[in-house]
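Dear colleague,

Please find the structure below, together with its sequence.

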Amino acid sequence: TDAITGISAPTLVIAGGSDLSTPPSLVEETARRIPGAVFRIIDGAGHLPCIERPTDVAALVRGFSDMPAQ
C-alpha cells in the first residue's frame, strides 16, 4: 500500500458505484495516495465496470488520455 505513493505516471482510478467487495470509498482512499491521480465512479457498475459498463469506462479513459499532462 505504501508503494503506491511512488507512482509518478498519470493515473486514472475507476470504481463501480455498486461494488460491494471493493467499495468506492476504499478505492477513492487508495486513489488519494497516488500523487495527481484522477478518481471516477461509474454509477450502476459493480466490481467489474470494464465488463458491466464498457462504454462508460472507455469514455473515462478517452477523456483522461485527452487531459493535458500535469
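**Contacts and core**

Apart from its neighbours within four places in sequence, V13 is in contact (heavy atoms within 4.5 Å) with V27, A31, I34, A37, V38, F39 and R40. This is a predicted model, in which local features need pLDDT of at least 70 and side-chain atom pairs count only at pLDDT 80 or more, while totals for chains, interfaces and linings use all residues. Residues are numbered from 1 along each chain as its sequence is written, and side-chain values use heavy atoms, with hydrogens and water left out.

V13 also belongs to the largest nonpolar core, whose 7 residues are I4, V13, A15, V27, A31, I34 and F39. Such a core is a set of buried Ala, Val, Leu, Ile, Met, Phe, Trp, Tyr and Cys residues joined through side-chain atoms within 4.5 Å; buried means under 20% relative accessible area with a 1.4 Å probe, protein chains only. Two or more of the core residues come from each of β1 (12–16) and α1 (24–32).

**Overall fold**

The protein has 3 helices and 2 strands (DSSP runs of H or I, at least four residues, and of E, at least two, numbered from the N terminus). Their order along the sequence is β-α-β-α-α. The radius of gyration, taken over C-alpha atoms, is 12 Å, close to the 11 Å that the globule rule (2.2 Å times the number of residues to the power 0.38) gives for 70 residues, so the protein is as compact as a globular protein of that length. Buried residues account for 24% of the 70 residues.

Yours sincerely

How values were computed. Buried < 20%, exposed > 50% of the residue type's maximum accessible area, 1.4 Å probe, protein only.
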